[in-house]
Amino acid sequence: MDASGEVTESDVVERPVAGYAFLFAEVPETGPVCDISDGIFLFVPNLEREAELQEGSASQCSGVNLLPSQIQAVLYRTDTSHDASVKRKTAETMWIYTPGGTDLPAIVLEGGA
């Protein structure tokens, strides 16, 4: 931070956030699954892991929001599901401010297959 309390570019740290994603898309009746071109995803951050990362650090986190102040999702495609050494970026979101604490939305999944 500078003298006025503003965050400077040197304060910004990009790092992966642990979690998992749910991908929702219609599977084609014919053709391979890799032909899917439209759908949505939900990212569920691992808050326990974020808490572990902040233990003993110089974080000024109050404990209300353990997530970084901004987050961006980047989706990659790999040739095999068990090896991410060769990956291609297929989509990314814009950077958004992260909701936290009681602002995190509750998501209920309903319905059948």
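Strands (E, at least two residues) and helices (H or I, at least four) are DSSP runs, numbered from the N terminus, and two strands pair if DSSP finds at least two bridges between them. With that in hand, welcome to the model. It is predicted: local features need pLDDT of at least 70, side-chain atom pairs count only at pLDDT 80 or more, and totals for chains, interfaces and linings use all residues. Residues are numbered from 1 along each chain as its sequence is written, and side-chain values use heavy atoms, leaving out hydrogens and water.

The protein holds one helix and six strands, in the sequence pattern β-β-α-β-β-β-β. Three of those strands are worth a look.

| Strand | Residues |
|---|---|
| E1 | residues 19-24 |
| E4 | residues 74-80 |
| E5 | residues 83-92 |

E4 and E5 pair in the antiparallel sense over six bridges. A hairpin of two residues links E4 to E5, and Leu75 stands opposite Ala91 in E5.

Now to Gly19, which lies in E1. Gly19 is partly exposed, at 41% relative accessible area (buried means under 20%, exposed over 50%, partly exposed in between, with a 1.4 Å probe and protein chains only). Beyond its neighbours within four places in sequence, Gly19 is in contact (heavy atoms within 4.5 Å) with Phe43, Val44, Pro45 and Asn46. The C-alpha atoms of Gly19 and Asn46 are 4.6 Å apart, though 27 residues separate them along the chain.

For the whole protein, buried residues make up 6% of the 113 residues. Of contacts between residues at least 6 apart in sequence, 44% join residues at least 24 apart.
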